[in-house]
Structure formats: C-alpha cells, structure tokens
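Hi,

Here is the structure I promised to pass on. Have a look at it first, and then read my notes below.

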Amino acid sequence: MSIRSLLLVVLSAWPALAGQTTEEAWKLWSAGERAKALDILVERLAESPSDARLRTGIVEAELSVQRFEAALAHSEGLPPESAGLRGRALYFLTRYPEALEHLGDAREERLMRAECLRALARFDELDALVAQLVKDLGEDDLDVLLLVARAHLRRGEDAEAIPLLRRVLAARPLEPEALFALGRALV
C-alpha cells in the first residue's frame, strides 16, 4: 500500500472535528452522535473558555450521558445561575458534602439535597427540608410522599408509612425505593 493510500485510509477514519461549529455539534448531538458532538463542543470550549453558554450546555450534555467527572471538570467557572449543575455532578459522584454547597433551588436539586442529607445522616436538616418541600410542592407530590414515608420508617412509624408508600406505588408501580420500603414496613 502506498503512503498516499495509507494517508487516505487514516484520514477517512479520523473524525473530522476541525472546523466544525458549535451548531454542527448540536446537530450531531440531536442525531444521536453524542460522543462526537461532545468532542467538538469541548474543542470549541478550549478555544473560548469564557463562553458561559457553551460551558453550561456541555455540562448539561455530559450530565445527561452520565459523564459525571467530565461534567464536574467543565463546571469550573460556570456562571452563578448555573452553579446547581456543579452540585448535580458532585451528587452523582457521591460527594455529598460538596454537592450541598452547590445545589440550588430547582425541584430536582432540592430532592438531591434531601438525598445528600439522608446519606450524611443529617436528619434534623432533612426533616426541615422535607417540611419545606411539603409546603412548596404539596403533600400529594409523589417524591414528597416518598420522603415523608421514609422519615416515618426512620422513626419506626411503619404503620404511618404504609399508606403513603401505597399511594406512591399506585402512581408509580415500579418505583424501586417505594417497593423496598413497603416490603420492609409490612415485615
């Protein structure tokens, strides 16, 4: 094989990232070519490290494909309104004390905060957060019901937890934590 032929084979197999725009990367993302899209986006970020919009998009994308270490690395320098993304990355990396410092007020982040507090056995803070979630999200919110039921179980109040867990399972029959907790409560 000639050097020219070898060079053509190598070049055709190599991803053509150079010169591709951020817009083209997001088109690749939408087409399901996520790894290639992220490579292009990270390359663009290296060229424009102060582009907050691009940085935020990359962190969100990395979180969605469970690249938590990369999301954490790219979350350095996020604008304050996107700081919760850093908290999410830390949460998924089970770095709970650090996650608590960054999680914001978005619904999912408040639920993550509850999980962090539970994992750290900071039950007084957890109970206060659950009480606030009941007020803010309503006592019929399924995630709140599960949190309240778990608090009952933690205090040995199995009888109070059972109807709550059954309500969660009526709406989400395959909710693993509710299934496990109900089994424990019934035993």
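**Two helices side by side: α2 and α4**

Start with the spot where T22, W26 and W29 of α2 touch L54, G57, A61 and S64 of α4. Sorted by class, the residues of this contact are four nonpolar and three polar, with no charged ones. Before you read too much into any of this, keep in mind that the model is predicted.

How are these two helices arranged? Two packed helices are described by the angle between their axes and by how far apart those axes are. Helix α2 covers residues 22-30 and helix α4 covers residues 52-64; their axes are 13 Å apart, at an angle of about 15 degrees. Angles under 35 degrees count as roughly parallel, so α2 and α4 are roughly parallel to each other. Their crossing is left-handed.

**Another pair: α8 and α9**

Which residues make the contact? On the α8 side they are R107, R110, L111, R113, A114, L117 and R118, and on the α9 side F123, E125, L126, L129, Q132, L133, D136 and L137. By class, that contact has eight nonpolar, one polar and six charged residues.

**A closer look at R107**

R107 sits in helix α8. Setting aside neighbours within four places in sequence, R107 is in contact with L137, D141 and D143.

**Stepping back to the whole chain**

The chain has 12 helices and zero strands. Of its 187 residues, 39% are buried. If you take the contacts between residues at least 6 apart in sequence, 33% of them join residues at least 24 apart. The accessible surface comes to about 10,900 Å², and carbon and sulfur atoms account for 56% of that.

Happy browsing!

Technical notes:
Residues are numbered from 1 along each chain as its sequence is written. This is a predicted model: local features need pLDDT of at least 70, side-chain atom pairs count only at pLDDT 80 or more; totals for chains, interfaces and linings use all residues. Side-chain values use heavy atoms; hydrogens and water are left out. Contact means heavy atoms within 4.5 Å. Helices (H or I, at least four residues) and strands (E, at least two) are DSSP runs, numbered from the N terminus. Ala, Val, Leu, Ile, Met, Phe, Trp, Tyr, Cys and Pro count as nonpolar, Asp, Glu, Lys and Arg as charged, and the others, Gly among them, as polar. Buried means under 20% relative accessible area, exposed over 50%, partly exposed in between (1.4 Å probe, protein chains only). Accessible areas come from the Shrake-Rupley method with a 1.4 Å probe; for residues, only the protein chains shown count as cover. Axes are lines fitted to C-alpha atoms, for helices over the stretch in contact, and angles run from 0 to 180 degrees between N-to-C directions. Angles under 35 degrees count as roughly parallel, over 145 as roughly antiparallel, 65 to 115 as roughly perpendicular and the rest as oblique. A crossing is left-handed if the near helix is turned anticlockwise from the far one by less than a right angle, and right-handed if clockwise.
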